[in-house]
Amino acid sequence: MKRGRKTNEANSSSSEETTEKESKRHKVIDEKTTAVRSPDWANLLQDIILQVFQYLPLLDRAHASQVCRSWNQVFHMPDLWRCFEFELNQPATSYLRATHPELIKQIIKRHSNHLQYVSFKVVDSSKESAEAACDILSQLVNCSLKTLGLISTARPSFMDLPKSHFISALTVVFVNSKSLSSLKIDDTPVDDPSLKVLVANNSDTLKLLKMSSCPHVSPAGILCVADQCHGLRELALNYHLLSDELLLALSSEKHVRLEHLRIDVVSENPGQTQFHTIQKSSWDAFIKHSPKVNLVMYFFLYEEEFDPFFRYEIPVTHLYFGRSVSKDVLGRVGMTCPRLVELVVCANGLRPLDEELIRIAERCKYLSAVGLGECEVSCSAFVEFVKMCGGRLSQLSIMEEVLIPDQKYSLEQIHWEVSKHLGRVWFPDMMPTW
């Protein structure tokens with residue numbers, strides 16, 4: 001009997017200990033769970049907060065800075081303000097969000113000396129938004145910018161401003177930066193004297209200049225840049241600024257090898273723009289100096305304006321036709337563009353491009369990307385074109401409406417035949433219907 005009571009007491013004691021241990025274990029788990037569910041955000045490492053802030057829009061970033069003192073300190077760290085994009089528009093004319101004026105004032109007051117990589121994006125066509133961008137530019141007297149971009153997604157924007165007002169604001173940046181390496185100023189009233197100021201203060205550092213659709217710049221102005229900025233590696237401009245003298249300046253021994261040259265050949269009104277011819281000897285000197293350069297040409301011409309082009313060999317690598325182009329011009333492309341890597345034709349007409357595509361496949365041995373829009377090609381010619389190019393065609397974008405069935409191939413058969421020669425599954429692009 002005594003032994004039985006002792007056994008019961010021992011079992012009871014053991015049960016109590018087990019219950020107590022279970023209780024403690026659940027308490028520890030609950031504490032850990034609570035810690036996971038309720039982290040102390042204020043004690044996050046500032047480097048982590050900084051990384052998060054860099055992905056936030058400015059307004060959200062400003063709201064987050066009010067959470068606690070630590071987050072507010074991160075909001076004012078110089079590293080957060082090295083790269084910044086000002087978005088400008090008038091609320092009455094645009095539904096897009098803009099950088100709040102009060103935040104802009106705070107940025108200029110506290111962080112202008114930290115700004116290095118800056119762009120201004122004007123998302124409407126209002127004169128007020130462009131003026132706001134100029135006002136901000138004129139206040140950047142304490143900063144040393146490395147990159148500057150003026151982007152207008154709607155015209156006229158900057159071109160609608162008084163020229164003197166824009167030039168005055170831009171010159172402030174040119175004079176104070178001293179180390180500008182990248183400048184993108186498309187569709188702006190920049191002129192030759194302002195480019196001279198740019199060169200005088202940033203000739204040793206400028207590596208990229210993109211300035212298409214700048215009507216106040218002359219060939220002499222862009223030549224001044226090429227003559228003095230020997231480190232220039234990327235250049236984008238309109239065809240009217242291209243000259244034999246410019247190509248020879250870019251080919252001098254003092255100049256580094258150019259990596260990227262983009263030329264926009266644009267005509268707004270048919271027959272009203274006269275296009276000059278660049279000498280073959282100038283292209284030869286240029287490509288001898290920079291043999292690996294990407295020469296990109298965008299053509300927005302009317303058919304009758306192509307006469308000065310593709311009359312002799314030209315070292316173009318990427319060719320885009322934004323308007324209708326004739327069979328004759330595409331035939332000349334096959335004869336004169338041996339370095340061609342990419343060809344995009346948005347429209348052609350009602351005559352099949354069979355012979356022209358075959359010629360391009362024969363002559364352009366580096367061609368690896370092709371896009372055809374409102375054109376016509378017989379299925380047989382298209383298969384032959386792909387067969388000749390083979391697996392080097394890494395990009396092949398052809399609308400289904402382009403392909404014309406013939407006696408040899410139907411639209412159903414061409415998918416398999418082209419896939420066989422490409423070495424991968426291929427389908428023509430379909431026009432969406434909704």
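Is N348 buried or exposed? N348 is buried, since its relative accessible area is 7% (buried is under 20% relative accessible area, exposed over 50%, and partly exposed in between, with a 1.4 Å probe and protein chains only). Before going on, keep in mind that this is a predicted model, where local features need pLDDT of at least 70, side-chain atom pairs count only at pLDDT 80 or more, and totals for chains, interfaces and linings use all residues. Residues are numbered from 1 along each chain as its sequence is written, and side-chain values use heavy atoms, with hydrogens and water left out.

Back to N348, then. You'll find N348 in the loop between strand 10 and helix 13 (helices, H or I of at least four residues, and strands, E of at least two, are DSSP runs numbered from the N terminus). A polar atom of the N348 side chain lies 2.7 Å from the backbone oxygen of V325. Setting aside neighbours within four places in sequence, N348 is in contact with a list of residues including E303, S326, L353 and C375 (contact means heavy atoms within 4.5 Å).

Two of those partners are worth a stop. S326 sits in the loop between strand 9 and helix 12 (327-336) and is buried, with a relative accessible area of 18%. Beyond its neighbours within four places in sequence, S326 is in contact with E303 and N348. L353, for its part, lies in the loop between strand 10 and helix 13 and counts as buried at 2% relative accessibility. With neighbours within four places again left aside, the contacts of L353 are K327, L330, N348, C375, E376 and V377.

Strand 10 (residues 342-347) runs parallel to strand 11 (residues 369-374), and five bridges join them (two strands pair if DSSP finds at least two bridges between them). Across that pairing, V344 stands opposite G371 in strand 11. Together with helix 13 (residues 354-363), strand 10 and strand 11 make a right-handed β-α-β unit; right-handed here means that, with the strands pointing away from the viewer, the path from the first strand over the helix to the second runs clockwise. Strand 11 also pairs in the parallel sense with strand 13 (residues 395-398), over four bridges, and there A369 faces Q395 in strand 13.

Next, the rings. The structure holds 16 aromatic pairs (rings of Phe, Tyr and Trp, the last by its six-membered ring, pair if their centres lie within 6.5 Å; planes under 30 degrees apart count as stacked, over 60 as edge-to-face and the rest as tilted). One of them is the edge-to-face pair of F299 and F309, 5.2 Å centre to centre with 80° between the planes. F299 is in strand 8 (residues 294-300), and F309 is in the loop between strand 8 and strand 9 (318-324), 10 residues apart. F299 counts as buried at 1% relative accessibility, and F309 does at 5%. F299 also forms a stacked pair with F321, at 5.6 Å centre to centre and 25° between the planes. F299 lies in strand 8 and F321 in strand 9, so this pair ties together parts 22 residues apart in sequence. Ring pairs link Y239, F275, F299, F306, F309, F310 and F321 into a cluster.

Terms used: Polar contact = N/O pair within 3.5 Å; in protein donor to acceptor, adjacent residues only side chain to side chain.
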